[in-house]
Protein chains: 2
Amino acid sequence: MTIVEDAQKGIITEEMKIVAKDEGLDPEFIRRGVAAGRIVIPTSPYRQVKICGIGEGLRTKVNASIGVSSDIVDADMEVKKAQAAEAAGADTLMELGTGGDFLAIRKKVIDSISLSVGSVPLYQAFIEAARKYGSIVDMTEDELFKATEDQAKLGTNFMAIHTGINNITMDRLKAHGRYGGLCSRGGAFMTSWMLHNEKENPLYANFDYLVEILKEHEVVLSTGNGMRAGAVHDATDRAQIQELIINSELADRAHKQGVQVIVEGPGHVPLDQIGTNVKLMKEMSGHKPFYMLGPLVTDIAPGYDHIVTAIGASVSASYGCDFLCYVTPAEHLALPNLEDVITGVKTSKIAAHVGDMVKYPDRAREQDLAMGRARRDLDWQKMYSLAIDPEHAKEVRNSRAPEDSDACTMCGNFCALKIVNQNYNLAK
Amino acid sequence: MTIVEDAQKGIITEEMKIVAKDEGLDPEFIRRGVAAGRIVIPTSPYRQVKICGIGEGLRTKVNASIGVSSDIVDADMEVKKAQAAEAAGADTLMELGTGGDFLAIRKKVIDSISLSVGSVPLYQAFIEAARKYGSIVDMTEDELFKATEDQAKLGTNFMAIHTGINNITMDRLKAHGRYGGLCSRGGAFMTSWMLHNEKENPLYANFDYLVEILKEHEVVLSTGNGMRAGAVHDATDRAQIQELIINSELADRAHKQGVQVIVEGPGHVPLDQIGTNVKLMKEMSGHKPFYMLGPLVTDIAPGYDHIVTAIGASVSASYGCDFLCYVTPAEHLALPNLEDVITGVKTSKIAAHVGDMVKYPDRAREQDLAMGRARRDLDWQKMYSLAIDPEHAKEVRNSRAPEDSDACTMCGNFCALKIVNQNYNLAK
């Protein structure tokens, strides 16, 4: 019996209790969420994972994506990145390698961390086809499902699967065109395959078979967003929304089979379209957990796309997005290095918190309140302990140590907080 | 005759023409904005400045604040910071030193750049009083106005003046209290002085005299936000809004005398209160240019407050905030160093652009559109030229140079854009 089926029968599983405790919520709330498909809890029969719930009513979670490319294949470095992402506070990890020995590298990464791990199985299927036959378009349908099953058996906990790119979606894409092309690798592979072979997407055509595999190996389906815009000018276009509609239908079908489902969203989205995207997705999908890749609110800041994403992700989380895929400073320029991964996680954690302050004003602002008071009282040890990155905060202050131990070098003797504390009492 | 009086008489001055050209707008639009008080253009009879308009209908502008503190007095370093801020794209600079020889350091900084320079004259008055009498509360009223006049004569273009902290505002502050105390140095000085001397704020009581000084020396009045929250839990409280009401009244009075006016706002503001703050300010003040300090949307990320500010500032600009004061990574921890200043400016420039994309969808998204197309076409030279920081973007890509010159190491041979370009045509 899957966790969804347990929940629907009224059973509160061990995983639901862990999530409830972690979030400070009632286990019955978690059970209802899992039963209705509003909450997922990735697990695996093949490995112990750190249990983490994703969905409505829970803290916004952050995913870090890593993985080698055809240019840079260094499995040990990917292990280091995975461990650094976990240490920096990532809630899940996606191993999205497109080079080297797929299963061996993924196994190594999975074994090195306790987080739930996600993958995109079609990368392996298409790229192995390119190696074997000379072109991605010659991949066979069997190879696609075989790669999915092989990765599931490694203990992969969730999979982004591009189910919503069907002939209907393709018609919208071709009719409307794109300023910025397609930025989704899965989208690029699958649309190229469909056009060349004049065939329906096997993941759509044989969706029930796909669901069987996922159910057997307890994999969470994350319906891929192959039509996400790669440029803000393509955001919220017909192809993207068509894919969302198809994915929402399929998400219901999978959920009815007892499989947990996340729905993925964009991408590059200007600030004023983020709320619409989140609300539309939630309505369309019956409030499945929403996983946004970014969103990036401008295209003109390569090198600073972690900041561009912090802006978009804060706003998307505040509107109800449940799960944020980080973006690193290397986005659009290079494969992220170790430092980029750490920066990406920390930046997205800030965005998740800022969103949660809006989602859950009662419970998600307590740390801010304590920090406000610690600042008023010039209690530096307390400030450090409340900071999301205490070591970094200490480093900055101590690099320019103040003469007067209770202030900092910004204002020195003329610290506003200190002056007020000396002259009158405002505290509450 | 002041620029406001010129505008009200129908005269389009040279400065208005420069702003119109810079913004791609009709000079008559600028004239009407200046006449009505919706736009300010800082100038000075004492120095040539780079002309830059601030207000409704114009691009969102970014201010960088620098200045020594009592702990660190290095005038040459402040000159370097000022020049670096200008080079990084700051639109204005505030010299907010609270240590050393006030006029000498400010003169040195002013002479080193072409940007409009702002100051907070009461810092000098209070701190010189502390040096002379042993306490800030012993400052005389004459000393306050004298410091204002001395700084104006240096060619200071705009001044943050804490006019709105009067007895009415103080009553609200004392009755309500604060979780995070007062973070405004001007607010801390002035409230301490008022309480100790049992006197009304001289800047409020003698507002007309203040306006005479500003008018004589062509200084833009920026009504200071001494009651801004220093903790998100104090945001949008009665003291802050009371001060806004008083400042809005005074802003009208100054504008009627022909003086240009900006109204300052917070501060620490949670994401869901930013829109309210901007709309309230605009209504309250009759749509004067709004200058926000941040806003910072969470208190728990010291060391990353430039990112916290990018989130808040993007949203505030999208709602109509006209002028953003940058925040550096050193905020709440130390006096910013040269690198912090540069990072602060670049981050706030991104936020200003993201806000402008919402304010002006027709004219502020063109660079994004060109970038989307350059990415689709894998035209790296064009991408660099469109990036807000071309050198940094080049550096990141080249630090991990791809095998294949048209892609990057993120996806290597399996670049989505490249695959689509090879297989079918989507371009528009």
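1. Salt bridges across the interface. In this predicted model, four salt bridges are found across the interface of chain B and chain A. Asp340(B) pairs with Arg400(A) in a salt bridge, and their closest N and O atoms are 2.8 Å apart. Side chains of opposite charge can pair when their charged atoms come close. Look at Asp340(B) and Arg400(A) when you inspect the contact between the chains.

2. Polar contacts. How many residue pairs are in polar contact between chain B and chain A? The count is 40, with both residues of a pair at pLDDT 80 or more.

3. Extent of the interface. The size of an interface is often given as the accessible area lost when the parts come together. Here chain B and chain A bury about 9,100 Å² between them. Carbon and sulfur atoms carry 67% of that area. Within chain B, the residues that lose the most area to chain A are Tyr179(B), Ile300(B) and Phe414(B). Together they make up 9% of what that side buries. In terms of residues, 104 of chain B are in contact with 104 of chain A.

4. Symmetry. How is chain B related to chain A? A rotation of 180 degrees superposes chain B on chain A, with 0.0 Å of shift along the axis and an RMSD of 0.0 Å. That is the relation of a two-fold axis. In chain B, the C-alpha of Ile311(B) is the nearest to this axis, at 2.2 Å. The same surface serves both copies, and 100% of the contact residues of chain B recur in chain A.

5. Domains of chain A. Two domains are assigned in chain A: domain 1 covers 58–359 and domain 2 covers 366–423. Their C-alpha centres lie 40 Å apart. Arg400(A), the partner of Asp340(B) in a salt bridge, has a number inside the range of domain 2.

6. Salt bridges overall. A search of the whole structure, over all chains, gives 52 salt bridges. One pair in chain A is Glu28(A) with Arg32(A), whose closest N and O atoms are 3.0 Å apart. Where do these two residues lie? Both are in helix H3 of chain A, residues 27–36. They are four residues apart, about one turn of the helix.

7. Cis peptide bonds. In chain A, the peptide bond from Pro266(A) to Gly267(A) is cis, with omega near 5 degrees. Gly267(A) sits in the loop between strand S8 (261–265) and helix H13 (274–284) of chain A. In chain B, a cis peptide bond joins Pro266(B) and Gly267(B), with omega about 5 degrees. Gly267(B) is placed in the loop between strand S8 (261–265) and helix H13 (274–284) of chain B.

8. A positive phi. Glu198(A) has phi near 50 degrees, a positive value in a residue other than glycine. Check the loop between helix H9 (185–197) and helix H10 (202–205) of chain A, where Glu198(A) lies.

Terms used
Residues are numbered from 1 along each chain as its sequence is written. Chains are lettered from A and ligands numbered from 1 in the order in which they are written. This is a predicted model: local features need pLDDT of at least 70, side-chain atom pairs count only at pLDDT 80 or more; totals for chains, interfaces and linings use all residues. Side-chain values use heavy atoms; hydrogens and water are left out. Domain bounds come from an automatic or database domain assignment. Contact means heavy atoms within 4.5 Å. Buried area is the accessible area (1.4 Å probe) that two parts lose on being put together, summed over both. A salt bridge is a side-chain nitrogen of Lys or Arg within 4 Å of a carboxyl oxygen of Asp or Glu. A polar contact is a pair of N or O atoms within 3.5 Å; within protein, one must be able to donate a hydrogen and the other to accept it, and residues adjacent in sequence count only if both atoms are side-chain atoms. Copies are superposed by least squares on the C-alpha atoms of residues with pLDDT of at least 70 in both.
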